[in-house]
Amino acid sequence: MDLKELGFDDWFEDQAAGILQSGFCFARVTAVDRDAFLVRRPEGEVYAELAGRLRFQIESAVELPCVGDWVCVNWRSSGGPAIIHEVLPRKSFLRRKTSGKSVDFQMIAANIDAAFIVQGCGFDFSVPRLNRYLVMANDGRMEPCIILSKTDLVSPEELEQALGEIRSSGISVPVIPLSTATGSGLEDFKSRLAPGKTYCLLGSSGVGKTTLINRLLGRAAFETKAVSETGEGVHTTSRRQLLVLDGGAMLIDTPGMRELGLLGATAGVDAAFADISEYAMLCRFPDCTHTQEPGCAVLAALESGELGEDRYQSYLKLRKESEFHDLSYVEKRRKDRAFGRFIKSVKNNLKDKAGNH
């Protein structure tokens, strides 16, 4: 495969101008496991590690390579791992708030054209969770599509009920009912996969993401080389990797995520709730919170029944969560910069004292 077949389109050509040094080349990160990387170039996949400058001069883990990234690398003449020197700008991304109380971004994957949000028709089905995934996809500038998996485990009436809940909630993205057991919906899904494009599967553990990948590959999805020289210590449940399908499309599998905290996703919320955003444009006040202000078009739509109560509450919850974490993140960054300036001043003082002796 050449670079274009791996997704290196005109947008990346423009971003790469002036970055490539003599003896270096571009490659795509296809797997990450802790601090080990697998990168792919037209000649094939090789192991890679970070250059010292890249490892120690970055300000945030967000700047480190993730699956789907394009990187500038060089190969050691003696063999051994390739060296990653630069990460190209990202066209799109999949990220979330780090789990727990820490307020920071966690990068999951990058440069994805479309996100398939997978939910089972049975126990896993949840419109609020769908909304959360849709916010993540819109925030990362990915085209979303919903897959309702395991349709063979529910009756036609139950499937129609799930589809009805999605539509009545105001979600308007495409929905593909699918069963890997019977093959129903599989061709519809395959028809949406284009050569040279990158897709990802999002969803909780157990919804059938890996089984779907196995059907597409015709083999076990994780029977690939481990992301280490020895192949030891690889946990497939936490591993993210980019797989190249026979038709030329690329698919990134992501582990099931228990926490889907939102950070910096206010624009993603507005995009996922485009119907509410349209009402908001008609509000009397530009900074309307849509909770109690006079002249609020969102509240008027709610009162008239044009906007459903559940969708309105889901919108408020996700927007408030993102805004709260945004403020916490800004404060954290401010403290980090202040601490960095303090450390720098201490080092400068030590240098001045040493120079005076």
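These legends walk through several close-up views of one predicted model.

Everything here comes from a prediction, so local features need pLDDT of at least 70 and side-chain atom pairs count only at pLDDT 80 or more, while totals for chains, interfaces and linings use all residues. Residues are numbered from 1 along each chain as its sequence is written, and side-chain values use heavy atoms, with hydrogens and water left out.

**View 1. The largest cavity and its lining.** Rolling a probe the size of a water molecule over the atoms shows where empty space is left. Here a cavity is a set of points, on a 1 Å grid over the protein atoms alone, where a 1.4 Å probe fits but cannot get out; lining residues have an atom within 4 Å of a point. Grid points are joined across faces, edges and corners, and a volume is the space filled by probe spheres set on the points. Searching the whole structure turns up 2 cavities of 30 Å³ or more, and the largest holds about 50 Å³. Its lining is made up of Val118, Ile147, Ser149, Lys150, Leu178, Ser179, Thr180, Val207, Gly208 and Leu212. Sorted by class, that is 5 nonpolar, 4 polar and 1 charged residues (Ala, Val, Leu, Ile, Met, Phe, Trp, Tyr, Cys and Pro count as nonpolar, Asp, Glu, Lys and Arg as charged, and the others, Gly among them, as polar).

View 2. A pair of aromatic rings is described by the distance of the centres and the angle of the planes. Rings of Phe, Tyr and Trp (its six-membered ring) pair if their centres lie within 6.5 Å; planes under 30 degrees apart count as stacked, over 60 as edge-to-face and the rest as tilted. That rule gives 8 aromatic pairs. In one of them, Phe8 and Phe12 have ring centres 6.0 Å apart and planes at 25°, so they count as stacked. Phe8 is buried at 2% relative accessible area, and Phe12 is buried too, at 3% (buried means under 20% relative accessible area, exposed over 50%, partly exposed in between, with a 1.4 Å probe and protein chains only).

**View 3. Strand 4 and its two partners.** Helices (H or I, at least four residues) and strands (E, at least two) are DSSP runs, numbered from the N terminus. Strand 4 (residues 70–74) has 5 of its 5 residues buried, so the rest of the structure largely encloses it. Trp70, Cys72 and Asn74 point one way, while Val71 and Val73 point the other. Two strands pair if DSSP finds at least two bridges between them. Strand 1 (residues 25–33) runs antiparallel to strand 4, with 4 bridges joining them, and Phe26 sits opposite Cys72. Strand 5 (residues 82–87) also pairs with strand 4 in the antiparallel sense over 4 bridges; here Asn74 faces Ile83.

View 4. What is the geometry of the Phe116 and Tyr199 rings? Their centres are 5.7 Å apart and their planes at 35°, so the pair is tilted. Strand 8 and strand 11 run parallel, joined by 4 bridges, with Ala114 opposite Tyr199. Strand 13 (residues 250–253) pairs with strand 11 in the parallel sense, also over 4 bridges, and Ile252 is the bridge partner of Cys200.

**View 5. Helix 9 and the glycine after it.** The buried residues of helix 9 (residues 297–304) are Ala297, Val298, Ala301 and Leu302. They cover an arc of only 145° around the axis, which puts them on the same side of helix 9 (the arc is that of the directions from the helix axis to the C-beta atoms). Just past helix 9, Gly305 has a positive phi of about 90°.

**View 6. Positive phi at Asn111 and Arg141.** Most residues other than glycine have a negative phi. Asn111, though not a glycine, has a positive phi of about 60°. Asn111 lies in the loop between strand 7 (105–110) and strand 8, and is buried at 5% relative accessible area. Arg141 also has a positive phi, near 65°, in the loop between helix 3 (127–139) and strand 9 (143–149).

Technical notes:
On a 1 Å grid over the protein atoms alone, a cavity is a set of points where a 1.4 Å probe fits but cannot get out, and a pocket is an open set with protein on both sides within 12 Å along at least five of seven lines; lining residues have an atom within 4 Å of a point.
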